[in-house]
Amino acid sequence: MSDHFLAISFILLISFAGLKMKSLTISGAAAACFIGFSIFAGFGYPGLILLGIFFGSSSFWSKFKRDQKKSVDDLLVKGDQRDAIQVLANGGVSALISILNAFMPFDGSFTVYS
């Protein structure tokens with residue numbers, strides 16, 4: 001089994017789980033797939049692991065003590081289920097940097113011109 005197949009399967013599985021757990025809408029799951037593919041393309045498994053930690057922790061904190069936050073959720077239209085706009089707002093910059101890194105890898109050195 002290739003590394004790419006494993007990563008793609010993982011991204012699809014996590015996005016589908018987010019949809020089933022009602023952490024993501026359908027558009028949010030699609031955007032999460034895009035961001036996951038972008039992160040993997042630019043930074044490989046280390047980037048994908050960081051993305052997973054971010055998604056897991058943010059999903060947890062969104063649902064943590066939900067009953068006590070219900071009055072605040074009533075004021076917010078979207079609640080704790082993330083749509084594509086929210087997913088892209090949180091992960092879009094990371095996806096863009098990952099895509100840039102995939103095409104123009106950063107080697108860790110800086111050149112200072114004076």
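The side chain of Ser-15 comes to 3.0 Å from the backbone oxygen of Ile-11. This is a predicted model, in which local features need pLDDT of at least 70 and side-chain atom pairs count only at pLDDT 80 or more, while totals for chains, interfaces and linings use all residues. Residues are numbered from 1 along each chain as its sequence is written, and side-chain values use heavy atoms, with hydrogens and water left out.

Ser-15 belongs to helix 1, residues 3–20 (helices being DSSP runs of H or I with at least four residues, numbered from the N terminus). Ser-15 counts as buried because its relative accessibility is 5%, where buried means under 20% relative accessible area, exposed over 50%, and partly exposed in between, with a 1.4 Å probe and protein chains only. Leaving aside neighbours within four places in sequence, Ser-15 is in contact (heavy atoms within 4.5 Å) with Leu-24, Ala-29, Ala-32 and Cys-33.

Leu-12 also sits in helix 1, but at 44% relative accessibility Leu-12 counts as partly exposed. Not counting residues up to four places away in sequence, Leu-12 touches Cys-33 and Phe-37, and the C-alpha atoms of Leu-12 and Phe-37, which are 25 residues apart along the chain, are separated by 9.5 Å.

Conventions: Helices (H or I, at least four residues) and strands (E, at least two) are DSSP runs, numbered from the N terminus. A polar contact is a pair of N or O atoms within 3.5 Å; within protein, one must be able to donate a hydrogen and the other to accept it, and residues adjacent in sequence count only if both atoms are side-chain atoms.
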